[in-house]
Each structure stands twice: as structure tokens, then as C-alpha cells.
Amino acid sequence: MATNTITLEGEVRDQFGKGVARRLRVANKIPATIYAGGNQPVFVTLPMKETTLALRHTNALFTINYGGDSKIAVVKDVQRNPVKRIVEHVDFYEVKAGEKIDVEVPVFVEGTPKGAAVAFVDIQELKVRADVSNLPERIVIDVDGMTDGTKVFAKDVKLPEGAELDIDDPEESVVTVEVPEDATESTAETADTTAAAPAADAAAPAADAAADNK
């Protein structure tokens, strides 16, 4: 849960372009933009190391200080280098205390289903509406002991306090527990081999007896 705000110390940015962005990255800084509804966006630079580490937190709440001012914001978009995967630019969206916003929350499973059954995540992220001071980082669904054919629907997902689903179909399956086809085939092959073994053992003495009578 995003109960704590991550603070980043930035600087006002008044130069733009690819060349400027390249020089900033060489200086271990990241260009960023803070959007604020209908107001003019704010352009800042942020420390690369601290910002990159902070971006590991999904749906984190940021306090960004710059030029004697500050804004509370959430991440709107992150641009990364397709090869080096370093952060090249970050877009933030300003929020106000007490405001509720829609966020995409990743879905994870924990626990072990019964037998050879496996839990499959049908929806990787759920759209949730929550207060900016309490944004969920993840949704964890416990599948321990669930049997083959069990489904967990969106309406059955337990959300953090104060959060609510914001999706069109609450009957949509989020997690499905089932035995994979390859596991079923493997079980069937094992059963066939086990059944064939006694027949082979029974045939051996008969063959030996036939040989003795010759």
C-alpha cells in the first residue's frame, strides 16, 4: 500500500530537445514533466538513481520538490531505452490530498492448488479506484487448496480498504485453476504403462513354459 510518500528533489528545467536530454542523462539526471489538469505542465529534472529505484514501486505517491515549490503526483508514463532499459523520461500527474483516482494494479497468486492443478492469471492487471494516499501496489489472490476447474471472478477479489473495482464486467475471470493438458497426458501415459507391466510379467512365465516343452 502506498501509505508513505516518496520524496524526490528536483530542479526546474527550461531547456528541451534530444541533445539536452542526452546531456542530462550523462549527468545522471532524468527529464520529467508534471501534468496538472488544465494548467500548464511543470518541467523538471530528477536524480537518476533515486528516481529509478522509486519507480520500482507500483502506484507510488510522490512529493516532487523543485525551485522552492512542490507537487504531489503519481506516475503517468515511463519511457525507457529499448536496449539499455534505462529511464529516459517520466510523466507525472498531479493529484490532491483526498482525491480518488483510477490505477492499474498487478495481480499475483500465492499458495498451491490441489494435486496437479495450476493457477493461471487471466487478467494481469485490475483497474481499481482508490484514494491517492492509499493506492494498492498489488492484488494477491490465495489459491491454496483450490481444485481443478475453480475460478476466481473479479467480483470475488478482496481489495484493500477504501478501494473498489472500476471495470465493466465483475463476472470476468481473474484466476483459473486447472490441470494443464500436458500433466493430464503424462498421468494417462503413466497409468497405461502401469497397466501394461503386469500383463508383460504374466506373459513371461508362459513363454518360459512353452520353451521347456519343446
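This is a predicted model: local features need pLDDT of at least 70, side-chain atom pairs count only at pLDDT 80 or more; totals for chains, interfaces and linings use all residues.

User: Which residue is the bridge partner of Phe 108 in S11?

Analyst: Strand S8 covers residues 100-110 and pairs with S11 in the parallel sense. That pairing runs over 4 bridges. For Phe 108, the partner in S11 is Val 140.

User: How many bridges pair S3 with S4?

Analyst: These two form a hairpin with 2 residues between them, and Gly 37 in the turn has a positive phi of about 60°. Strand S3 spans residues 29-36 and runs antiparallel to S4. The bridge count for S3 and S4 is 7.

User: And what is the bridge partner of Val 12 in S4?

Analyst: Val 12 takes us to strand S2 (residues 11-12), which runs antiparallel to S4 (residues 39-47). S2 and S4 are joined by 2 bridges. In S4, Val 12 has as its partner Val 44.

User: On to charges: how far apart in sequence are the parts that Lys 29 and Glu 11 tie together?

Analyst: A search of the whole structure turns up 5 salt bridges. In one, the side chains of Lys 29 and Glu 11 meet at 3.2 Å, N to O. Lys 29 sits in strand S3 and Glu 11 in strand S2, so the parts they tie together are separated in sequence by 18 residues.

User: Is Glu 94 buried or exposed?

Analyst: Glu 94 makes a salt bridge with Lys 71, with the closest N and O atoms 3.4 Å apart. The two link distant parts of the chain, Lys 71 being in strand S6 (residues 69-80) and Glu 94 in strand S7 (residues 87-94). Lys 71 has a relative accessible area of 16% and is buried. The relative accessibility of Glu 94 is 14%, and since the cut-off for buried is under 20%, Glu 94 counts as buried.

User: Where does Arg 129 lie, in which strand?

Analyst: Arg 129 forms a salt bridge with Asp 102, the closest N and O atoms being 3.2 Å apart. Asp 102 lies in strand S8, and 27 residues of sequence separate the pair; the strand holding Arg 129 is S10.

User: What is the relative accessible area of Glu 172?

Analyst: Glu 172 belongs to a negative surface patch that also includes Asp 168, Asp 169 and Glu 178. Its place is the loop between S13 and S14. Glu 172 is partly exposed, with a relative accessible area of 38%.

User: Last one: how far apart in space are Val 179 and Thr 147?

Analyst: Val 179 is in the loop between strand S14 (173-178) and helix H3 (181-213). It's partly exposed, at 26% relative accessible area. Val 179 and Thr 147 are 32 residues apart in sequence, and their C-alpha to C-alpha distance is 8.9 Å.

Definitions and conventions. Residues are numbered from 1 along each chain as its sequence is written. Side-chain values use heavy atoms; hydrogens and water are left out. Two strands pair if DSSP finds at least two bridges between them. Buried means under 20% relative accessible area, exposed over 50%, partly exposed in between (1.4 Å probe, protein chains only). Patches are made of residues with over 30% relative accessible area and no salt bridge: like charges are joined within 9 Å, nonpolar side chains (Val, Leu, Ile, Met, Phe, Trp, Tyr) within 5 Å. Accessible areas come from the Shrake-Rupley method with a 1.4 Å probe; for residues, only the protein chains shown count as cover. A salt bridge is a side-chain nitrogen of Lys or Arg within 4 Å of a carboxyl oxygen of Asp or Glu. Lys and Arg count as positive and Asp and Glu as negative; His and the chain ends are not counted. The place of a charge is taken as NZ of Lys, CZ of Arg, CG of Asp or CD of Glu.
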